[in-house]
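Subject: Handover of a structure and notes on it

Dear colleague,

Please find the sequence and structure below. My notes follow, and I would ask you to read them with the model open.

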Amino acid sequence: MHDTSTGSTGNTARPSRRAVLAATAGLTAALSVPTTAAHAAAPGDRGLRALISRMTLEEKVGQLFVMRAYGHSATAPDQADADANLKELGVRTAAELIAKYRVGGIIYFTWAHNTRDPHQIADLSNGIQRAALRQPRGLPMLIATDQEHGAVCRVGAPATLFPGAMAVGAGGSRSDARTLGRISGAELRALGVNQDYSPDADVNVDPANPVIGVRSFGADPEAVAALVAAEVRGYQASRVAATAKHFPGHGDTAVDSHYGFPVITHSRELWERLDAVPFRAAIRAGIDSVMTAHIQFPALDDSGDPATLSRPIITGILRGELGYDGVVITDSLGMEGVRTKYGDDRVPVLALRAGVDQLLNPPSIDVAWHAVLKAVRDGELTESRLDESILRILRLKARLGLFGNPYVTRAGVDRVVGAEAHLAAADRIAERTTTLLVNEGGLLPLRRRAHRRVLVVGADPASPSGTTGPPTGVLAAALTGLGFTATALSTGTAPSETTVGKAVAAARDADAVVVCTYNVTASSTQRTLVDRLLATGRPVVAVAVRNPYDVAHLTSVKACLATYGWTDVEVRAAARVIAGRVSPRGRLPVPVQRADDPGRVLYPVGHGLRY
């Protein structure tokens, strides 16, 4: 946290407050915008409209885009990242991207090397803001990321990492959801990230959903709505814009919109009482932005267009019927779900015609930017239509205080990011989420006298942030710290016969075996591993480290826990439950159907055993 190795990035110098104010001269009135997202002529709009009136058409087009940029620095990325930027974006650095296209936002990704460590992230954020404000009529930037926690997490340790949404749903505490939002928001803000694409407001009612799943709070729309609203308020308390996604609801699909074009077959009536409920709650809570889904929803628009490009859905329903007048942002425009029907030059134009404000990460910024510019010059889009979206975007920037001072400090990073109180809060929340699904004969908790030697085997999925795990090792270390002698043997998500044999041999020297399972299916060799371990006669405890639905395929185990995630905070909480240090308190936020008869429920919503 006190490392100064990122000082050579060229992004550490902070402009003076005078320079910041000079860059936004004439906008004093804009700073008085109230804290709700929906307002037609709020105080401050006059100043913002005056600013818009001085923008060139090219600057207006750029303000609508939120783009990726490779590299740990805004001006001096590693050569490989500069080359990647040149290939994909036509520029070498984030600063050049801002200067050329005048984009209004940047999104951080782990794979783009934006999130190496806290000081580096803060320096990158300052460099991006400085690059933007140095432009003629420069504006502060919205800097965003997907920090959902759990399965989707871009900023890793030493930042505080919380359980994911479905785990929080198992805990069922609005207070915990708000605490998560408040702490996560405070740490993001300290890093210069002012917009988080979270929470996920989808109601997950399809166990086979490949893209949402444990990213959702659960299957009960009212419960999901309460937790969404609570997390939104937490982020608001830390002055970070929260984003409810993926409107109009992505929770009932077996197709991943990253790679295909899902169709939601819900009726309008079902949408009203299922998918719409959490979004209504988010809007009532004053949500700052709403992200669209690249899904076809015939009951809401029978044109065959994805929701992102649907005027009946975005303008008619979200803005008209639900009364939302805040920022609407697309999901990534590089996803297949939005590119199936139209070309990359048409998608951004159609999104704006539908009522969207921010265009997220198109495959080619040059193609998308010029397409919007051409649409205005040709009369397909009016400049006043662009002004509507820019006003919403600038209102959000004003509400977040970015016109006052968008910069952060390393001292602030050291004070806030990964603070002991934050880490302790994450551990306490995690303890309230672990769910005991099966405990025949009182196998759990394990007892140190009877089960001192514990073998931990199973799947070790990749860390979402690249800074945690592997789960088997973390679990073994945690059990050892609790008085057991635990060893880890990673067997993967598809163990071979040889790997299964090694695990069985190791189990013979153990008093108990813990198996971490990950997305078990009827044909999965993870089932073979569990069955062979059970055949040794050793007590076997299964820990479903992603989907709780694994238990339906593991009907022979005597004890099974669900953690809903495999990051360290969730795995360590499971260890404390296994060891009896804490009692399991989580309850299923989704039903688990029988594997042999999906029409029958094996464990209902609310199921969860206690010690």
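Which residue just after α12 takes a positive phi? Gly-323 does, with a phi of about 70°. Before going further, please note that this is a predicted model, in which local features need pLDDT of at least 70 and side-chain atom pairs count only at pLDDT 80 or more, while totals for chains, interfaces and linings use all residues. Residues are numbered from 1 along each chain as its sequence is written, and side-chain values use heavy atoms, with hydrogens and water left out.

Helix α12

Helix α12 spans residues 311-321; helices (H or I, at least four residues) and strands (E, at least two) are DSSP runs, numbered from the N terminus. Its buried residues are Ile-313, Ile-314, Ile-317, Leu-318 and Arg-319, where buried means under 20% relative accessible area, exposed over 50%, and partly exposed in between (1.4 Å probe, protein chains only). These residues lie on the same side of α12 because they cover an arc of only 165° around the axis; the arc is that of the directions from the helix axis to the C-beta atoms. At the N-terminal end, Ser-310 caps α12, with a side-chain oxygen 3.1 Å from the backbone nitrogen of Ile-313.

Strand β2 covers residues 105-108. Gly-105 and Ile-107 point one way from β2, Ile-106 and Tyr-108 point the other way, and all are buried. Two strands pair if DSSP finds at least two bridges between them. Strand β1 (residues 65-67) pairs with β2 in the parallel sense over two bridges, and Val-66 stands opposite Gly-105. Strand β3 (residues 142-145) also runs parallel to β2, joined by four bridges, with Thr-145 opposite Tyr-108. Together with helix α6 (residues 118-133), β2 and β3 make a right-handed β-α-β unit. Right-handed here means that, with the strands pointing away from the viewer, the path from the first strand over the helix to the second runs clockwise.

Cysteines

How many disulfides does the structure hold? It holds zero, a disulfide being a pair of cysteine sulfur atoms within 2.5 Å. The sulfur of Cys-516 has its closest cysteine sulfur in Cys-560, 11 Å away, which is too far for a bond. Cys-516 is buried at 2% relative accessible area, and Cys-560 is buried at 0%.

Salt bridges

Side chains of opposite charge can pair when their charged atoms come close. A salt bridge is a side-chain nitrogen of Lys or Arg within 4 Å of a carboxyl oxygen of Asp or Glu, and by this rule the count comes to 34. In one of them, Glu-58 meets Arg-377, with the closest N and O atoms 2.8 Å apart. Glu-58 lies in helix α3 (residues 57-63) and Arg-377 in helix α15 (residues 365-377), so the pair ties together parts that are 319 residues apart in sequence. Glu-58 is partly exposed at 29%, whereas Arg-377 is exposed at 56%.

Another salt bridge joins Asp-288 and Arg-399 (3.6 Å, N to O). Asp-288 is in the loop between α11 (276-284) and β8 (289-292), and Arg-399 is in helix α16 (residues 383-399), so this pair links parts 111 residues apart in sequence. Asp-288 is buried at 4%, and Arg-399 is buried at 11%. Salt bridges that share partners also join Asp-45, Arg-319, Asp-325, Asp-357, Arg-392 and Arg-395 into one network.

Yours sincerely

Technical notes
Polar contact = N/O pair within 3.5 Å; in protein donor to acceptor, adjacent residues only side chain to side chain.
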